[in-house]
Each structure stands twice: as C-alpha cells, then as structure tokens.
Amino acid sequence: MAKKRPQTKAGKAGQAQVTSGEIPVVGAREPCPCGSGRRYKACHGRAAAHAVTELVQRPFEGLPGECDWVALRELVPAATVPLTLKAGLPEGVPSVTLATVLPMAWPALRRDDGSVLLALQNDSTSGDLARDLADTLQRALEAEPGTPVPARRVPAEGPRLQELLDADAPFAPEVHTGFEFWIPQSTDGADPEVAASLERANAAAIPTVKLTGVDSAYWCETPDKNHLRWVMPYPEEKLLDALARLQAGEGTSLGADTRLVGSFRAHGLMVPVWDLPTSMTAEDCEKPAAAFAERLAAALASDAPLTAEERRARGGLTNRQVTLS
C-alpha cells in the first residue's frame, strides 16, 4: 500500500503566506492560498468541507420555474433569464439576469453599466445551492461596476434565493446558440481573455432548443443522435410507476426510431431522456411531446398495482438512472 504523505507544518521557504483575513476559495487540487504547501482540499479546504450546511436536495423548490432552474443548471449550455427582486432593483442596477455560465467561470459580473449577470453553473460551497447563489447575488449588487464577483465560502446563516426573488414573477429562459450575451452590443471590443473564453465556450456548446408546447423539455443535437431531455416536477416513485406503465405498452415512444433510454436525477427532480434520430428536429418533437404529456398525465392518475410486465419495465428504468446532483 502507498504510504501517506506527511503533512507539512509550515509553508515552503520564500512562499507567500496568508496569515490573516479570509482564505480565498480555489480548486481542491490547487495549492492552498495560505502558503502551507499543501493542496487546498487537505488544508483550509478541509475546514470548509466540514463547515458546509446539510445538503439541500431540492435547492430551487419554491421558486417559479423550478424545473427550468434545474435544466439551466445541468443541461443547457447557453441561456439567460431576467430576474425580479422582491425588494426591487437597487439604485444604479438597471437589471439582474441569470446566465448559465460566465467567462472564466466567474460566479457573477457587475457590468460597466451597473447591470448584474449571475452565473448558475458554479460549484456549491455550502451544501445549499440557493444560499450560495443568494450570497453571490448580494455581493454582485454591491460590487463596483465593471468587476467580476469571486467565489467564497458562504456563511451558513445567509439568505436563500427564495428570500430575494419575487415568487410571482415569471421565469422565462431564453436559450442562445452561443455565449455572445457575455459582451454587450454597445461594446466595441471584448477583453482578450473574455474573447478567448467566448471562443472556447462556443466551440464546446451543444446546440439546444427549448420546446414551446410542453414545460421544461429541451432538445439537443449531438454528432451521433439527437436527444430530448425533459425535467419533470412529479415525485420520483410516482413518475417511475407512470413511465413503467407507458413503457410496457410502448407508450413512451415519440415516433419512429425514438426511445426512452433512461433518466437523470438532478436537484431532487427526475429528467427522462429520449434518443432521437439525427433527422428529428426540435420542431419535429413538439407534437409527439404534447401527445406524450397527455399519456403521462393519465398514467400518473392511475393507482392500479403494476403488472408483472410493468414491474420489469420499472426495474429497467431504475437501473438506467444517473444521478447528476
């Protein structure tokens, strides 16, 4: 067996050390900013890990559009949503916009005009993603215009998004083909780092389209086949029963050469996934998805015990579940 490395008691000679103040958050395998010479996860990151709050399984519960929050967090490369604050916009902040991701993985950005971009696809440090995002949002509202907001360990007693956002405001994601929304149209040119990050992000983005006829269903295109990924708000056990009833009767099909292949589990919700032929566009999915939604509603309403065939179908669906978060 490999021997454990002894933990050093002091930083390397000549290495700058942080002796006071808050230790910045860095990657788990990066050197700790305190200067100890150890990796962050074995030094101050260890204390941060012990300080996390209890994991919140459904961090977006209670927010309008919970299913779309999950989709934008886990499935959609490029999208934005205007956010409405309960207390209204502070002076000097013309708008607050949720974005899937920002350049250089910034948690948030206060633009030159005072507007705020809040990134959804960032690591959680407290165990409660809604608390982490609320902390970032509050700091972004107070940041100097033209500056990004860095990551930090979030106090366990801080507010959650549900306390800051207007629950009656609509949540209407706009899916983009790329990340050009990072750069305001009024800007003549982008920072070279931002431009390079934009180019890399655009090259890696999977083409994605939100269906209009059903809630929280997203078509995406990949080289070998297309997919439909549909975030659903129903309790997992009830949804599995309903899908099993339909699967046993071939009721999960969305058309020729389509197949329900399994599901993701993300932030307390289930995300069934279909394989689609490469010729099937997002527009082609609209009618079959609407028809499936009607069949699913009927299956969810049934309380009859599952048949042997339906139980086998349910076992297959359960075995093909993947937990994202």
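I looked up Ser-263 and found it in strand S10, residues 259–266. Strands are DSSP runs (E, at least two residues), and helices are runs of H or I with at least four residues, numbered from the N terminus. I noted that this is a predicted model, where local features need pLDDT of at least 70, side-chain atom pairs count only at pLDDT 80 or more, and totals for chains, interfaces and linings use all residues. Residues are numbered from 1 along each chain as its sequence is written, and side-chain values use heavy atoms, without hydrogens and water.

Is Ser-263 buried or exposed? I read 6% relative accessibility, so Ser-263 counts as buried (buried is under 20% relative accessible area, exposed over 50%, partly exposed in between, with a 1.4 Å probe and protein chains only).

Next I checked the second largest cavity. Ser-263 is among its lining residues, as are Leu-240 and Gln-321. A cavity is a set of points on a 1 Å grid over the protein atoms alone where a 1.4 Å probe fits but cannot get out; lining residues have an atom within 4 Å of a point. S10 gives the largest share of this lining, 3 residues.

Then I turned to a sheet. It is open, with 6 strands in the order S5-S3-S4-S2-S1-S6 and mixed pairing. Its edge strands are S5 (147–149) and S6 (174–175), each pairing on one side only. Two strands pair if DSSP finds at least two bridges between them. I found 3 bridges between S3 (residues 108–110) and S4 (residues 116–119), which run antiparallel. Ala-108 stands opposite Leu-118 in S4.

Key. On a 1 Å grid over the protein atoms alone, a cavity is a set of points where a 1.4 Å probe fits but cannot get out, and a pocket is an open set with protein on both sides within 12 Å along at least five of seven lines; lining residues have an atom within 4 Å of a point.
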